[in-house]
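Here's a structure to talk through, one label at a time.

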Amino acid sequence: MSSFATTMKKTALVAALLTTVAPVVVGGAFGAGVAKADVIVRGNQRIESETIRSYVVQNAKGGDTDAVLKALYATDLFADVRVSREGGSTVVTVTENPQINKIAFEGNKRLTDDQLKQVIQMKSRGFMSKSDVQSDTQRLLEAYRRNGRYRAAVDPKIISLPDNRVNLVYEIDEGDKTAVTRISFSGNKSYSNGRLRDIVKTRETGLLGWLRTTDTYDPDRLQQDQDALRKFYMKNGYADFRVVSATADLDRERNVFFVGFTIDEGDQYSYGDIDVQTSLANLDGRQLSSAVGTKSGNVYSSEEVEKTMEELSLAASRAGYPFAQVRPRAVRDYAKHTISITYYVEEGPRVYVERINVRGNDRTRDYVVRREFDMAEGDAFNKALVSKAERRLNRLGLFKNVKVATESGSAPDKIVVNVDVEEQPTGEIGFGAGYSTADGVIGDVSFSEKNFLGRGQYVKASVQYGKSTRGFVFSFTEPYFLGYRISAGFDVYRKEALANSYRSYDERNTGGTLRFGLPISENLTFGVSYNINQQELKLASTQANDVLTDGEASLAYKYYVCGASNCSSVGTLSRTRLTSAPGFNLVYNSLDNVQFPRDGIYAKWTEEFAGAGGDARYIRSQVDARYYRELWADWGVIGMARARAGNITGVGKKVEVIDNFFQGGETIRGFASQGYGPRDTYTKEALGGRNFWTATVEASMPVPGTPEEFGLYMSAFADAGQLWSVDKSSLPVASATFDPVDDNKVRASVGVGIMWRSPFGPLRADFGIPVSKSKYDQTQVFRFSGGTTF
């Protein structure tokens with residue numbers, strides 16, 4: 001129903017109700033003895049006279065003229081109302097508010113017409129009043145302020161039309177973006193300003209501020225930032241932490257905001273005594289001790305306490321007590337800076353889940369939200385499980401905000417769980433660019449969607465093209481396979497690598513991977529996979545026949561590409577081989593930020609078993625572990641230690657050259673790609689090795705004198721490692737044109753680097769000087785790399 005029809009229906013209903021009132025004599029200022037019929041109405045065009053008389057009589061008791069005027073103005077139907085006397089009659093002269101024919105916006109670009117229409121209260125075909133126009137103008141200005149446009153101006157224009165109708169046009173000057181130019185912290189001693197800036201959602205603007213949407217002031221976001229700071233400090237042992245103040249000061253002349261947080265860190269606490277006590281029959285606290293994640297002596301964490309409460313509730317439920325509830329009691333020792341915690345497990349009220357309501361999910365299907373709950377309608381209500389589900393929903397990345405609340409059900413023993421979500425964009429079209437001194441420029445285009453068809457599924461397709469590298473990948477992941485908390489997915493790919501300065505053959509890989517992932521804990525994931533890959537290798541005839549004069553390809557590569565055939569034949573020499581390899585991996589990830597970590601551990605163990613069909617037969621093992629920690633908060637110095645190792649062992653046959661590990665400047669800076677390890681000294685080509693290890697220590701900090709929000713960092717590093725043990729049975733016999741070397745010498749380098757944490761991903765340049773090398777190694781002092789989707 002239109003707003004005009006609604007208004008007319010409202011006035012008609014009021015008239016019908018008021019005409020049932022018996023005639024009343026109007027007295028006081030209206031003159032004693034004047035009946036309702038003596039009220040004369042003038043100036044009305046659309047509003048019935050009887051309706052106006054009814055308002056007058058209903059509100060004129062006691063002869064109060066002001067009450068009549070207030071009542072008529074309160075209807076928002078009149079722009080002007082006057083009351084006068086003519087002889088023995090009361091005359092009410094009205095000027096009706098005009099009817100709105102159309103509402104339009106001019107000058108708006110950042111906010112669409114549809115978005116602005118949702119902000120204002122007046123609608124087309126309704127009635128316009130000056131107060132409503134002023135209110136809607138303020139609402140539009142507030143909408144622009146929340147979008148970072150504090151210089152926006154709104155000028156309402158009223159265009160008169162016949163029959164007391166108008167067009168309402170809002171002329172908008174959006175103005176420049178009012179960005180946050182500085183975020184400062186005071187009172188922080190344990191963590192640097194840079195570390196805390198990574199915690200809050202508000203970002204500082206910079207040269208590429210036009211790419212960001214979070215570098216503007218938003219009061220709601222500022223409150224979220226305070227909550228994020230509390231959560232961060234409480235997670236890291238600062239139980240007395242508080243935000244003293246959070247301010248946002250507008251410099252109107254420069255059109256920028258300065259955001260400041262004043263905090264009181266307090267002292268860092270560790271766990272004291274940890275105990276579990278229970279009042280449940282046949283359930284001893286020692287039986288639940290394995291569910292306790294808070295360990296005496298460790299740094300206190302409110303997040304660990306919450307998770308322990310959840311695990312104790314689940315353990316009690318599995319033991320036959322579905323209504324069990326857990327209450328932690330903390331006792332602080334201010335002198336020793338410890339917090340002793342006793343978890344009390346007791347019988348809770350027998351309350352059942354009557355209903356789980358999911359609201360706000362216009363695109364996401366209900367079951368995507370419901371499956372994050374470890375309970376359903378009819379199950380025993382457990383508050384700890386509700387908190388766990390809320391945390392899971394926030395981690396999905398599908399929603400901007402998630403709020404879970406409860407209300408009483410239809411009976412005292414029933415409760416309703418309401419899940420309110422605010423969806424956010426989950427699709428991304430990316431254009432990527434990167435460069436390395438080994439492979440040159442590489443570009444890619446990708447499309448990804450984290451909520452495919454509203455089912456919470458992940459889909460990504462990408463195409464890559466470069467000077468010597470090109471290909472495509474398509475990936476699909478179902479996070480809840482067959483309704484279980486197990487991810488399942490597949491990848492299909494084709495990758496081409498052309499001959500270049502360190503590779504004397506063309507290689508094409510076509511294949512796919514099936515994979516499954518099982519979360520063991522919040523940070524630990526176990527995965528299994530199966531990969532099938534067809535590898536095509538080509539060695540041009542010029543490389544095979546002219547090796548003695550041009551040195552383009554080693555005898556080892558010719559031997560490999562041709563197999564047992566004669567490599568001197570004319571024409572292009574090629575070989576196709578199939579690798580069928582199941583495998584598994586175990587990943588531990590506690591990094592605070594995947595792209596730019598400052599704290600945490602990432603470790604991955606991978607096993608691959610080639611030989612389930614195909615031509616290859618080997619077991620490949622690899623481990624990769626990284627540890628990050630902020631070393632000096634005042635300077636923002638971040639330390640990183642990394643260790644990697646690998647082994648490949650043939651099963652029933654030799655390990656062929658192409659299956660070896662190849663190492664270079666990617667692991668020990670200062671060396672070229674495939675720059676160290678076993679090599680044919682005649683042609684200088686790498687042969688790879690069956691074993692390797694590398695280690696890195698690095699310290700990085702913001703470049704002094706540069707704005708921290710620019711993200712420019714400098715680093716100093718030391719790398720070391722070994723690559724050895726080529727399978728000599730996979731190589732031809734040494735000759736005048738083939739002279740392989742394989743030693744166990746440790747290679748090492750030291751150097752400095754500079755990195756830009758750009759919106760396009762990390763870009764870095766490293767200068768590495770080898771301090772330990774073999775005479776046949778290939779070095780490369782400067783190395784540049786980086787690039788990702790944006």
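Q: What is the average pLDDT of the chain, and where else is it below 50?
A: The chain averages 83, and 84% of the residues score at least 70. Over residues 1-34 the pLDDT is below 50, with 58 contacts beyond near neighbours in sequence.

Q: What ground rules apply to the numbers here?
A: This is a predicted model, so local features need pLDDT of at least 70, side-chain atom pairs count only at pLDDT 80 or more, and totals for chains, interfaces and linings use all residues. Residues are numbered from 1 along each chain as its sequence is written, and side-chain values use heavy atoms, with hydrogens and water left out.

Q: Why is Thr667 called buried?
A: Buried means under 20% relative accessible area, exposed over 50%, and partly exposed in between (1.4 Å probe, protein chains only). Thr667 comes in at 7%, so buried is the word. Thr667 sits in the loop between strand 26 (637-650) and strand 27 (670-671); strands (E, at least two residues) and helices (H or I, at least four) are DSSP runs, numbered from the N terminus. Not counting residues up to four places away in sequence, Thr667 touches Arg644, Tyr676, Thr694, Thr696 and Asp719.

Q: Why are the rings of Tyr150 and Tyr217 called tilted?
A: Rings of Phe, Tyr and Trp (its six-membered ring) pair if their centres lie within 6.5 Å; planes under 30 degrees apart count as stacked, over 60 as edge-to-face and the rest as tilted. For Tyr150 and Tyr217 the centres are 6.4 Å apart and the planes at 40°, so this pair is tilted. The two are 67 residues apart, and the pair links distant parts of the chain. Both Tyr150 and Tyr217 are buried.

Q: Why does the pair Phe474 and Phe490 count as tilted?
A: Their ring centres are 6.1 Å apart and their planes at 40°, so tilted again. Phe474 is in strand 19 and Phe490 in strand 20.

Q: Are Phe474 and Phe490 buried or partly exposed, and why?
A: Phe474 has 33% relative accessibility, so Phe474 counts as partly exposed. Phe490, at 31%, counts as partly exposed too.

Q: What makes Arg332 a charge over the ring of Tyr269?
A: The rule wants NZ of Lys or CZ of Arg within 6 Å of the ring centre and within 35 degrees of the ring normal. Arg332 lies over the face of Tyr269, at 5.6 Å from the ring centre. Arg620 likewise lies over the face of Phe661, at 5.1 Å.

Q: What makes a set of residues a nonpolar core, and which residues have the most contacts inside the largest one?
A: A nonpolar core is a set of buried Ala, Val, Leu, Ile, Met, Phe, Trp, Tyr and Cys residues joined through side-chain atoms within 4.5 Å. The largest has 22 residues, and Phe373, Met375, Phe381, Val417 and Val419 have the most contacts inside it. A second, separate core of 21 residues includes Leu283, Val292, Ala315 and Val326.

Note on methods
pLDDT is the predictor's confidence in each residue, from 0 to 100. Contact means heavy atoms within 4.5 Å.
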